[in-house]
Amino acid sequence: MSIITPFAADLIGFAGSFCIVAAFAYANSAKQMNKLLFNIVNFVGAALLAISLTVNYNLPTLVLEFVWMAIALYGIVGALSRRRSRPAETR
């Protein structure tokens, strides 16, 4: 038995889909993209979709969401390390 109802899982999944689509739209419309923001929104979106997939199970899509989270996490770490390596006046 799941803690999350199917309806709640759908709402969580829709929120995750919105995050990913919003990040994609941002990446295509921003004059200068904030990679940290882009990757955080992608990570959150993929995590929300993964949560919804624990109720509405689909293994290939669940694997995709974990890969998406891993890539976003890689981007987050990279963006944070670049921020730390820059001098304070250029941040």
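Me: What are the ground rules?

Reply: This is a predicted model, where local features need pLDDT of at least 70, side-chain atom pairs count only at pLDDT 80 or more, and totals for chains, interfaces and linings use all residues. Residues are numbered from 1 along each chain as its sequence is written, and side-chain values use heavy atoms, with hydrogens and water left out.

Me: How is a helix defined here, and what span should I expect?

Reply: Helices are DSSP runs of H or I with at least four residues, numbered from the N terminus (strands are runs of E with at least two). The expected span is 1.5 Å times one less than the number of residues. Take H1, residues 6–29. H1 has 24 residues and runs 34 Å from first C-alpha to last, close to the expected 34 Å. H2 covers residues 35–53. Its 19 residues reach 27 Å, close to the 27 Å expected.

Me: What span should H3 have, and how far apart are its end C-alpha atoms?

Reply: H3 covers residues 59–85. At 1.5 Å a residue, its 27 residues should span 39 Å, and the end C-alpha atoms are 39 Å apart, which agrees.

Me: How do I read a pair of packed helices?

Reply: Two packed helices are described by the angle between their axes and the distance between the axes. Axes are lines fitted to C-alpha atoms, for helices over the stretch in contact, and angles run from 0 to 180 degrees between N-to-C directions. Here, the axes of H1 and H2 come within 7 Å and cross at roughly 155°. Angles under 35 degrees count as roughly parallel, over 145 as roughly antiparallel, 65 to 115 as roughly perpendicular, and the rest as oblique. H1 and H2 are therefore roughly antiparallel to each other.

Me: What is the handedness of the H1 and H2 crossing?

Reply: A crossing is left-handed if the near helix is turned anticlockwise from the far one by less than a right angle, and right-handed if clockwise. H1 passes H2 in a left-handed crossing.

Me: Which residues meet between H1 and H2?

Reply: Contact means heavy atoms within 4.5 Å. On the H1 side, the residues include Ala9, Gly13, Gly16, Cys19, Ile20 and Tyr26. On the H2 side, they include Leu37, Phe38, Val41, Asn42, Gly45 and Leu49. By class, this contact has 17 nonpolar, six polar and no charged residues. Ala, Val, Leu, Ile, Met, Phe, Trp, Tyr, Cys and Pro count as nonpolar; Asp, Glu, Lys and Arg as charged; the others, Gly among them, as polar.

Me: At what angle do H2 and H3 pack, and how far apart are their axes?

Reply: H2 and H3 pack at about 155°, with axes 8 Å apart. They are therefore roughly antiparallel to each other. Their crossing is left-handed. The residues of this contact divide into 17 nonpolar, four polar and four charged.

Me: Which residues of each helix are buried?

Reply: Buried means under 20% relative accessible area, exposed over 50%, and partly exposed in between (1.4 Å probe, protein chains only). In H1, the buried residues are Ala9, Gly13, Gly16, Cys19, Ile20 and Ala23. They pack against H2 and H3. The buried residues of H2 include Leu36, Asn39, Asn42, Gly45 and Leu49. Those of H2 pack against H1 and H3. In H3, Leu62, Glu65, Met69, Ala72, Gly75, Ile76, Gly78 and Ala79 are buried. Those of H3 pack against H1 and H2.

Me: Now single residues. Which contacts does Val41 make beyond its neighbours within four places in sequence?

Reply: Val41 lies in H2. It is partly exposed, with a relative accessible area of 24%. Leaving aside neighbours within four places in sequence, Val41 is in contact with Cys19 and Ala23. Val41 and Ala22 are 19 residues apart in sequence and 8.2 Å apart in space, C-alpha to C-alpha.
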